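Biologist: Please put the model up, and then let us go through some of its features in turn.

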Amino acid sequence: MTDPFVVIGGDAAGMSAASKARREAPDRDIVVFERDEWVSYGACGLPYYVKGEIDSLDELVSVTPTEFREERNIDLRTNHEATAIDPENQVVIVDGPDGVIEQPYGELLIATGASAIVPPIDGIELAGVYTLHDMAHGKAIKDRLESDDSVDRVGIVGGGYVGIEMAEAFHAHGLDVHLFEMLEHVLAPFGETVGTRVEEHLREQTVSLYLDTTVEGFEGAESVTAVETPDGSVPVDMVLVGAGVTPNTALADSAGIEIGESGAIATDEHGRTSVPNVYAAGDCAEMTHTVTGEPTHVPLALTANRAGRAVGQTVADDPAPVGEIAGTASVKAFDLQAARTGLLDETRAAEAGFDLVSRTITTRSRAGYYPGGFPIDVTLTADRLTGRVLGASMVGEEGVPKRIDTVATALHAGMTVEELESLDLSYAPPFGPTWDPVLTAAKVLSGSIEN
C-alpha cells in the first residue's frame, strides 16, 4: 500500500469519511477497521427495535459490509480491533481473526465512538442488568423480552434520551415500568418546562417515577431482583441503565493525542488532532459550539456523519471544516415530542459571557379554530444586553422537532431576537397559527431585551 487512509471505527463518522474519501480520491487505498461485525447502523433506532416497531436489526443498517467492499471499493475489515497507534512510525497495531498486524497509514481517522456509562453501582454485574448502545445490546434486551414470560417489572436508571424512549418500549411489551432519575427532572438538558410536562405524561402512561432519587444498588443472588434507593427497595425483573455515554479516547490518549477538557479528543476546525496526520470525528471527538465558540462534546448522529464526511474530503486534498454544533436534539416520549438547541442554562451562559434572559410561552400547534391542535410550550433564551438568541426548548404533541430547527438556524446565523421575530415563516391553519409559536416566543422575549 502507498499512503493509505486508515480509519478506526466503522460507524457514522468512520464510514462517512471512508465513503467521501473514496468519491474524492478513487485510486487511494482506504482501510477501515471495526472491532464488531456491524457497521454503519442507526443506534438511535434501537429503542424502536426493542419496542417492535422495527422488525429486524438489519433494517437499522444503512450500508452493509458487502456493499462497502464491493460497490464502494473500501477495504473494510470487521472483527478487527485497533489496540495501539504509533504516531512516530505512522502505524496502527490491529488484533484480528488471523492475529496481530501492523497497518501503516498516510493519514489516520480515529472514529472510535462512545460507550454506555456503567456507573459504579453495587450489583451492576448481575444478570438482567443491561445497557443500550449497540446492536448486541438491543438484541439481548429484545431476546429476553420475547423469550422470558416471567419479566413483568422493569427498572430504568436515568431519565435522558435512552431512558425515556425505553420506557415507551417496555410499556409496549406490557411491563410495569419504574424510572429512576437522580436529578429533580427528567430530560435535564431540555429545561424544567419540558421535564415537568414529560413527567406528567409519563405518569399518565402508568410509568412510575422516582425523581431526585439516587440508585444505591441492585439486589439479587445471580439475577437482579430489586433496585435499592434511600427510600427502600423496588422489586424488578430486569434493569436498563441509561446513564449516558462516555467518549472512547483510550486509544488516542495512549498515543499521546490531546484530550480536551470535555473528555473527548481535542480537534481543530478540520478535525485534526494534536498529532500530525491524525484526525478524530464522531462521538469520540470534540466540536465547537456555535453559540459559545468553545469546544464541547455532544454525541449525536448528524454531528458524527457531518464531521466524518468533512474529514474524508480533507484527506482527499480538498479541506472542509467539520462545522459547528448547537446541541440540537429531539426525543419522543409516548405521545409527546420534545426538542432543544443552544444554551438554556443560566450558569453555563454566564460562563460563556452572556446574561441569559428566558421566557416561556404556551400556544397552539395549529390555528385555534382548526380541529386537532395541541398545546405547545416554547422556552426561548437570549443575551439580555445584545439580544442575541442563545437557545430554545419545546414540548408538545406535534410540530416540535421542525420548529426547533428554526431556532437552530438562528443560532448558526447569530441572529437577534428582533431578527428572529421578523422572519417570514409559513402559515396555514392545519399547520400552525398565524403567528408561529417561535415568533410568538420571540415577541414575548423582546420585551425583556435592552435596546
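Biologist: In which loop is the place of Y370?

Modeller: This is a predicted model, with residues numbered from 1 along each chain as its sequence is written. Local features need pLDDT of at least 70, side-chain atom pairs count only at pLDDT 80 or more, totals for chains, interfaces and linings use all residues, and side-chain values use heavy atoms, with hydrogens and water left out. Strands are DSSP runs of E of at least two residues and helices runs of H or I of at least four, numbered from the N terminus. Y370 is in the loop between β24 (356-364) and β25 (375-383).

Biologist: How many disulfides does a search of the whole structure find?

Modeller: A disulfide is counted when two cysteine sulfur atoms lie within 2.5 Å. The cysteine sulfur closest to that of C44 is in C284, at 16 Å, which is too far for a bond. The search of the whole structure therefore gives a count of 0.

Biologist: Is C284 buried or exposed?

Modeller: Buried means under 20% relative accessible area, exposed over 50%, and partly exposed in between (1.4 Å probe, protein chains only). C44 has 55% relative accessibility and counts as exposed. C284 has 0%, so C284 is buried.

Biologist: Which kind of aromatic pair do Y161 and F190 form?

Modeller: Rings of Phe, Tyr and Trp (its six-membered ring) pair if their centres lie within 6.5 Å; planes under 30 degrees apart count as stacked, over 60 as edge-to-face and the rest as tilted. The count comes to 2 aromatic pairs. For Y161 and F190 the centres are 5.7 Å apart and the planes at 70 degrees, and the pair is edge-to-face.

Biologist: Where do Y161 and F190 lie, and how many residues apart are they in sequence?

Modeller: F190 is in the loop between β11 (176-180) and α6 (192-204), while Y161 lies in helix α5. F190 is buried at 1%, whereas Y161 is partly exposed at 32%. The pair thus ties together parts whose separation in sequence is 29 residues.

Biologist: And which kind of pair do the rings of F180 and Y210 form?

Modeller: Their centres are 4.4 Å apart and their planes at 15 degrees, so the F180 and Y210 pair is stacked.
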